[in-house]
Each structure stands twice: as C-alpha cells, then as structure tokens.
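Please look over the sequence and the structure shown here before reading on.

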Amino acid sequence: MAETFTVEGMTCAACAQTVESAAAKTAGVEEASVNLTSEKLQVETSENFKEEDLRQAVKKAGYALALAEPVQKIFAISDMTCASCAQTIEGTVSKLEGAKEVSVNLASEKMTVTYDPSKLSIRQIEDAVDQAGYSARLKRDRSSQSDQAGQDKPLSKKDSYKKKTIIGFAFMVPLMVIAMGPMLGMPLPDFLDPMTSPLNFALLQLALTIPVVLTGFAYYRQGFKTLLAGHPNMNALIALGTAAAFLYSLGATLAIAVTGRSDLAMMLYYETTAMILTLHSLGKYLEERAKGQMSQAVESLLNLAAKTARIVHDGQEEEVAIEEVVPGDVIRVKPGEKMPVDGRIISGRTSVDESMLTGESLPVEKDLEDEVIGATLNQNGSIDYRATKVGDDTTLAQIIDLVDQAQASKAPIAQTADKVTQYFVPAVIGLALLSSLAWLVFGQSFLFALTIAISVLVIACPCALGLATPTAIMVATGKGAQHGVLIKSGQALEGLQAIDTMVFDKTGTLTKGQPECTDIISLPGHDYDEADLLYLAASAEKGSEHALAQAILDKAEAEGVQVGQSSDFQAQSGMGISAQVDGQTIFFGNQKLMDQEGIDLDETIKDQVNDLADQGKTPMFLADESQILAIFAVADLLKDSAKEAIQSIRDQGIEVMMLTGDNEKTAQALASQAGIDGVVADVLPQDKSDQIAKLKDQGKSVAMVGDGINDAPALAQADVGLAIGTGTDVAVDSADVVLMRDDLKEVTTAVELSRASLKNIKQNLFWAFLYNSLGIPVAMGVLFFFGGPLLSPEIAALAMSLSSVSVLLNASRLKGFKPSHAQVSPS
C-alpha cells in the first residue's frame, strides 16, 4: 500500500537522502522515495506499518512529517429517530482516532465531521456509524443532488411512515371497537362475546394486532439493537412498551386457551400495542412531513438551476446538458430564460431578475462586461456571455453549500438539551421500572403496574428536545438565503442576537467606495459658468489616474460636458496637477499646490473650505496663473440605505461605531450624517483587528461589518463578522454571515432573523422540557396517587407523538419571517 507524506526541514539532496534512508529502515516500510522539489515522502507499506513509527524515525533524522490539514465532510444519516440517536452517532464518531469535531443534526439528518485524513478515512467513519446501528453516506456532488431534489431521504421516509400509519389505522380501528365495545356497552356477536367466547375474543384481537406489529417491526429491530448496544433510543422505549403489552396479552391468550377463564379476556392489551405503534407512525409521518417542508429552502435553490445551456460555437447554437458547460464557453440566453452558469456578458444588454438568489426585488440592468449569476432570470434582452464559473464553483452551488453547512451545524444553546438526551432514555427506562415496582409495593395489581410502566415508556419524548434547536436553524438559514443573507453556522445565528456593539468599516461599507464631485463653487473675478469650469477641470485631469480625478471626469460625463484636449500635463505628487487647456495654464489640486504656485486664498475662500471639510468633503481648487476660479468638493458619499439602516440597528439597542483611516474631522462629519456616535479614526488597515480586540476586552459582544477582503482580520476577530455586498463571491472565509446585496438594511435583516430564531428555539426548548417534566410524573401515577386520573398508555402515546410535532410546527412559524424594512421576499 502506497502512502505519501509531506516532509518539513529539507534544504538539499543530502537531506532527501537522509530522510529516505531513515524511512526505509522503519518497521513496515518496504520501499521509500523522497522528492526534494515537492518535499514529498512516498512509502510502500506492509500490514504492520505504523505512521507514528515513521514519524519518530524522520524526527530522529532531524526532520519532521507535516501534519495533514484537517478536512470537513458532510454525511447524510439515516435510521435516526430521536435525539438519543444523534448523541450516539456523535459519541461514536468522536471516539475515532483522527476525528477533530463532530456535529449531528437530527432535523436535517446530516453529520458534519472535521478530521485528520492521515489518520481517518471516509470509509472508517461510515463503518463506525453502521456498527452503531445507523447508516452514514458521504453527500455527493451537487449535480446528482439536483437530479434528486425533492426525492431524497426525507420524502421516502415520509411515504414509509404514511404507509405504516394507514395500515395501522386499518387494523387498529376494528381492534379498538372489539376491545373497548363491551366496556362501553356495545354488544358483540355471541361468537365474540368475551364472557361466553373469550378465546375467540382474544384470538381476533391477536389477528388484528399482528399486521400492525409487523409493519412496525423496524421499531423493534432498531430499538432492541440500540438497547443491547447500551445506547437505547426512542425506538427502544416504544419497543419495550409495546412488547411488554403484546407479550402480556399473548400470555393471557394462552391462559384462556388452557383454562377457559373469561375474566382474562378483559385484561388484554392488544389494542394498546396497536394504538401505540400506529400513533407513533402517525407522529413520525407528521414529523417527516414538517421536516420536508423546512428543507424546501435548499430544495427550491436546487430546483433553480437550469438543466441545459445554449452554447454558441463558430456561429452555430448547440443545446447541451448543464454538466457539459466548461469555463470559456460562450452561452446565448434569450428573454425569459435562466442563466445556466456564472459568467461575463460579451454581447447584448438586458435586465435580470436576481431576486431568487440575492433578495433584490427590482430587476438589475446588465451591459457589456457585467457579471451574470447562474439560475437568475433573463428578462427582456438576448445576450451572449462567457462562462466563468461552472458546476460546484457557481454562486448557486456555493450558496447551497453554505446553507447545507449551516443546517448541519449546532447552536451553543443546544448543548443543554444534548446533555439531557445523553442520559434521557436510560433514565426513563429506570423510572418505568421503579414506578411500576413502587405501585406493586403499594398493593396495586400486576396489570396496574404494567400500565404504569408502558405509559412512562411511551410518553417520554427525547425527539422534542433533539428537534428544538436544529429545526429552527434549518428554517432560519433557509429563510436567510431567500433574502440574500447567508448565515454559515448555528453558532453565528446565535451569536448575532447577543451583539451589543456593531462596528462598521467606512470605505465601501458605509460609503459607496467611489468619490463623487458634490459641489462646484464659482468664485468672483471671471466670466466662466459652471459648465465652463467643469470643462477646464475635466480637461486638465484627463491624463490623471487619481481617484479624485475620476470623480471630476464622471461629473463631466453626467452633466454632458465634452472634455477637451490638454497638453504639458504634470502631476505634482500629493498636491495636484497642472496642464495646458485651450492655450492657458490650469492648476487643479489642494492648498499646497496653490501655495507652491503663489496663488493666495482669502478669508472667504478659507471659510468655504472649512465648511466643506466639516461636511466630510475634500476641497480642491481650480486656478489659472493669477487666481482661483472655483472650489470643487469631492466626497465618498454615504450609501442611500446607510442612515435608515444605522437608525434601525440603534433602535434594537445596539451601539454603532465606525472604523476609518480618515482624519478625525472628516470621520466625525460622516458619522454625524449617518447617525453614528462612536468613531475611531486614523486607523491603519492592519490595526483594525486590534481595535475590535480592545472592544471585546471591555466586555462587549462585537459584530464587524466590512467588505470581507480588506477587513478580513477584523471580521475574524469579531464575535460575528458580516461581509456585505459580496455579490458572486459568497465564500468569504473570514465572515460568519455573508450579505449578497450591497445594502446596509440587510444587516438589520440578519439581526432580526437571529433574534426571531433564538426566540423560537427558546420556546421550543421550554415546551420540550415542560412536556417531559410534567408528562413523565403524570404517567408514573402521581395524579392518581393524590386521587386524580390515571394516564392510559394510549393517551400517553398520542401525547408523545404530538409533542415533537408541536415543536416542528412552532419552528415552521419562522417561514413567515419578513424583515422590518421590506415585505417583498422571493418565492
């Protein structure tokens, strides 16, 4: 068997020879070969090879085998029925050598495993789960998932439970009529009368019960398997309860056959067995149905993808499967068709509906060189574009991966429920035995004690505890994706609601990121109008590459001013430029340039300059050789949504701050416009993360909002990092939350969604804990002890089924979430 390792510390051929020799002498290594260029050691090994022996041999030689980078994989899990199952799988995989982090999500039936690939393989993980009584299979590529969208595991399980429920009710209803009829005064035919024909009465009930038991055989198979393995689950409780009732009834039937005692006919529990199994199947059917509805967000994203693309080659169109498209292909899209993959327009113009991916309700105009996103809808123009991202690299695929990862993750709030469910089922079995024995000691009959034991076993519901958190995360992350808010994990979802301080980067986050010419103030002493002044400034700046020069040229274009020719262009570093325009010398720059050229600024001009600076604007002077002609003001303006978004965040009790490299005066002016109180100015890009750390040291819970590129260290340092306006680049590693649209109001959407989700999770956990805290004592007979009613196993089974369904229904209310700033959401 061949294995490859990376070697650290080699510098020459002698090093490679030394490592090769040391490796070859290691037990279990049959052949060793070192490549100095790639720094790789390849070994052929036998069965007795141990990696640690090789690692030590290389270390003694003075070098080191590099540790493999951990990888993360998502597995689809089947055969889970409750939170105890999830805990068992988590514990089993966590014990494997090389497993770093394991998280099992009951609602989405996914397991996320971070592991060392040099010590642990996918096959070993799958085998370990199989041996624990469940099934784990690595989630496959995106194309195969899209073919199976809406037809995968949750739907097939729903159909299976539906079939079991229908069969169960078909036999349970007549069974209940026969078993309960005599007690309710309903006459039965003589050949079924329990007093005169007790054996027929018992055998018919047995015959009606057996089909229900057979359809629920999977509950027994898995339940007893997990019980014998020492990690019982929900099915173990159902199996124990119904098996006890069935075996007791079977024994009573045999006694009737042998002795003919008619009194035993009224002590049968066949209907209890059938009703518990049927109601359990009904509950699981309703549960799977609700879970299927919750996963619709990902399924609807999968269904957005186009199935074919129209490729243009040598002027000819050819329709091919989406899987055959490669980067560089030219794709033609007509009005009303979907964009097959991501790309850049090379011909034509159109408007595109991107609402299904970004949440942007209005069509987006697209022209040459603009990017288009796969799965968005072309509206009114025919375009050709060149494919840039295909397959799993498309924006849609990345969004689905992020949502998948988030739905497979856990929120910290789930830890309490996890600890409880770890011991829940064994504790319930113990309580069932103790309570039944206690009633026997108090003088009650065996039948009474058996009723108590069965009721305790079937009313307990670890499912409700296990579903409380992941169901809300599933709905919230899916709903967020529909609004263009991609939340990467349950931890980020929970962390965002606890934020008390939100820090915004200025340039490109609060502001548009592109300077604009905001003011042209004409000064006395010349006959130029505003268009003339703009002509002179733009013509002079035509040769400049400075961002402020571009602002002047953009202003000229917007005003329809034709830019003239210039000559003798000279750039004065840090001051401005000079040039010849229409035969006259023009200067355009800051006060240093004016001072250098001996052009005076009177007090009136200085006052105007100070007023502009107080507004956060940068003043520049247009002058000829004798005087200043005009003051031009340039500013990086606030985004249109900034002020409203900041106010909305403050209304939620969150302190808002701004980080910027600008000077204090300019920063304060912009902050005042945006409604921000806290400003940290003169901050170098590399120092932003230090500022976040200082805020955290003060005990604040900090969120950082930036562009995900220049702000990466600060985003990573914050408790929650939000990258805004990423467009097609949704896989921003440093951010916990990715906002696809360049709209600050989506920050509010993220916070509101987080708070709504945590509120929902707390409600779920409250009801789950309350249900079990009250239900189990009632089933144990506490009310009966004080003169109240005794809970029957049938009612206990119904309550158990409804408890998990109620949690799911409550979580599904999040599907109605709408941001406060907009009521339109993509369908």
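## Phe817 and its contacts

Setting aside residues up to four places away in sequence, Phe817 touches Lys479, His483, Thr749, Glu752, Leu753 and Ala756, where contact means heavy atoms within 4.5 Å. Phe817 lies in the segment that follows α29 (793-812), and with a relative accessible area of 11% Phe817 is buried; buried here means under 20% relative accessible area, exposed means over 50%, and partly exposed covers the range in between, with a 1.4 Å probe and protein chains only. Between the C-alpha atoms of Phe817 and Leu457, which are 360 residues apart along the chain, the separation is 37 Å.

The model is predicted, so that local features need pLDDT of at least 70 and side-chain atom pairs count only at pLDDT 80 or more, while totals for chains, interfaces and linings use all residues. Residues are numbered from 1 along each chain as its sequence is written, and side-chain values use heavy atoms, with hydrogens and water left out.

## Helix α16 against helix α27

Helix α16 (residues 462-482) and helix α27 (residues 745-779) have axes that come within 8 Å and cross at roughly 165°; axes are lines fitted to C-alpha atoms, for helices over the stretch in contact, and angles run from 0 to 180 degrees between N-to-C directions. This makes α16 roughly antiparallel to α27, given that angles over 145 degrees count as roughly antiparallel, those under 35 as roughly parallel, those from 65 to 115 as roughly perpendicular and the rest as oblique. The helices themselves are DSSP runs (H or I, at least four residues), as are strands (E, at least two), and both are numbered from the N terminus.

On the α16 side, the residues that meet α27 include Ala464, Leu465, Ala468 and Ile473, and on the α27 side they include Leu753, Ile761, Leu765 and Phe769. By class, the contact of α16 with α27 has eleven nonpolar, seven polar and no charged residues, where Ala, Val, Leu, Ile, Met, Phe, Trp, Tyr, Cys and Pro count as nonpolar, Asp, Glu, Lys and Arg as charged, and the others, Gly among them, as polar.

## Helix α17 against helix α27

Helix α17 (residues 490-497) also packs with α27, at an angle of about 100° and with the axes 8 Å apart, and the two helices are therefore roughly perpendicular to each other. Leu493, Glu494, Leu496 and Gln497 in α17 meet residues of α27 that include Ala750, Val751, Arg755 and Leu758. This contact of α17 with α27 has five nonpolar, three polar and two charged residues.

## The chain as a whole

The chain holds 29 helices and 30 strands, and buried residues make up 52% of its 827 residues. Along its principal axes the C-alpha trace spans about 125 × 75 × 65 Å. Among contacts between residues at least 6 apart in sequence, 69% join residues at least 24 apart.

## Two positive phi values

Most residues other than glycine have a negative phi. Ala375, however, has a phi near 85°, a positive value in a residue other than glycine; Ala375 is found in the loop between β15 (371-372) and β16 (377-378) and is buried, with a relative accessible area of 1%.

Asp568 likewise has a positive phi, of about 55°, although it is not a glycine. Asp568 is found in strand β21 (residues 566-572), and at 57% relative accessibility Asp568 counts as exposed.
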